[in-house]
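Here's a quick briefing to read alongside the fold. Have the viewer open and follow along.

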Amino acid sequence: MNITIKSPLDMHLHLRDEDMLKIVAPLSAETFCAGIIMPNLVPPITTIEAIKNYKQRIKDAIGDEEFEPLMTLFFKKDYTYEFLKEAKEHISAIKLYPSGATTNSDGGVSSMDIESLRETFEAMSELEIPLCVHGETNGFVMDREAEFGSIYEQFATSFPKLKIIMEHITTKNSVDLLDKHANLYATITVQHLFITLDDVAGGMLKPHLFCKPIAKRYEDREALLDVALSGHPKVMFGSDSAPHPTHKKECCGCAAGIFTAPIALAALTSLFDTNDALEHLQAFVSDNAQNIYDYRPLTKNIVLIKEPFTVRQSYADVVPMFAGETLPWSIK
Ligand code: DOR
Ligand code: ZN
């Protein structure tokens, strides 16, 4: 048995830079035809020059494979209308990080006060630049995303023309917001469809399953599965594949991030098949994103076959999710 996915898209992807970029970018390019590239480098991507240079480095790392890097800027509240107007043709979105919320987010926004963000959000609304948000407060780790819910709602109602993408949602609370506000959308990762906090810390601690937002409760995973498996038009796949070298994961002070790029499509196909939902996989991994971002990707068909795929222990110095485990579907 096999299945063909047309133009799979990864709408939230960390490709890093330098040696790491060279290791991971070809792996995404093998199975996806485009991806929204996160700007949290050191230093973050905040200028048009930096976007252009980073895009070129990504293309160099990918080589001949057809893959379009959809670039993003790291949100700064002092971006002017003129700057954004010029930036628009080089980017697909702007990513807002609360300061300190996750890896390399120190230069993010320290207050979500609407007035301090108004000018930039209005410019983005007018220029039709989508806003991607890492939605976590600095509260108790299991409550951070739910606490951010009221901020999402404030953003959505104060800027009705702004397209807001709630990145890597992990809670039922976030799922419920999708049907409440026309301008709220979401990405969902592979890991949050598979695991709960039990898998991360319920037994032996699993550093390779540690990410932000952290995996939540069973009822949260159920809510995510409901919208993903049904092909809900406001959710799309964004892996949040976030590679870190082994010494930054298997140590005291483990970095947040799960590396899923090389297993994402096989894992999703396996999950949708197990749940008798293969008919909605195309919507989740491509069609919904095309509609939400108003983006027409190049045509690239990826064929998956129902044959066991044993995941490698590592790619260079990076350990992927499901390392050493066997998934029922593989890329042909
Ligand atoms: O776990 C995470 N890792 N979450 C993020 O939001 C960022 C990412 C990274 O860049 O490592
Ligand atoms: Zn991310």
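What follows is a short tour, from the whole chain down to single residues.

This is a predicted model, so keep in mind that local features need pLDDT of at least 70, side-chain atom pairs count only at pLDDT 80 or more, and totals for chains, interfaces and linings use all residues. Residues are numbered from 1 along each chain as its sequence is written, chains are lettered from A and ligands numbered from 1 in the order in which they are written, and side-chain values use heavy atoms, with hydrogens and water left out.

**Overall shape and make-up**

- The chain holds 12 helices and 13 strands; these are DSSP runs (helices are H or I with at least four residues, strands are E with at least two), numbered from the N terminus.
- Along its principal axes, the C-alpha trace spans about 55 × 45 × 40 Å.
- Of the 332 residues, 59% are buried (under 20% relative accessible area, with exposed over 50% and partly exposed in between, using a 1.4 Å probe and protein chains only).
- Among contacts with a separation of 6 or more, 71% come from residues 24 or more positions apart; a contact means heavy atoms within 4.5 Å.

**Surface and charge**

- The accessible surface is about 13800 Å², and carbon and sulfur atoms account for 49% of that (Shrake-Rupley method with a 1.4 Å probe; for residues, only the protein chains shown count as cover).
- There are 31 positive and 46 negative charges, and their mean positions sit 1 Å apart.
- In that tally Lys and Arg are positive, Asp and Glu are negative, and His and the chain ends are not counted; each charge is placed at NZ of Lys, CZ of Arg, CG of Asp or CD of Glu.

- Strand 3 (residues 34-37) pairs with strand 4 in the parallel sense over 4 bridges, and Gly35 has Pro69 of strand 4 as its bridge partner; strands count as paired if DSSP finds at least two bridges between them.
- Strand 4 (residues 68-74) also runs parallel to strand 5, joined by 3 bridges, with Leu73 opposite Ile94.
- Because 6 of its 7 residues are buried, strand 4 is largely enclosed by the rest of the structure.
- In strand 5 (residues 93-96), Ala93 and Lys95 point one way and Ile94 and Leu96 the other, yet all are buried.

**The 1-10-13 sheet**

- Three strands make an open antiparallel sheet in the order 1-10-13.
- Strand 1 (2-6) and strand 13 (330-331) are at the edges with a single partner strand each, so one side of each has no neighbour in the sheet.
- Strand 10 (residues 301-305) meets strand 13 through 2 bridges, and Leu304 stands opposite Ile331.

- Ser28 belongs to helix 1 (residues 18-31) and is buried at 1% relative accessibility.
- Leaving aside residues up to four places away in sequence, Ser28 touches Leu13, Leu15, Phe67 and Ala261.
- Val319 is in the loop between strand 11 (309-310) and strand 12 (326-327), and is buried with a relative accessible area of 16%.
- With residues up to four places away in sequence left out, the residues touching Val319 include His208, Thr246, Glu250 and Phe259.
- Val319 and Ile258 are 61 residues apart along the chain, with 8.6 Å between their C-alpha atoms.
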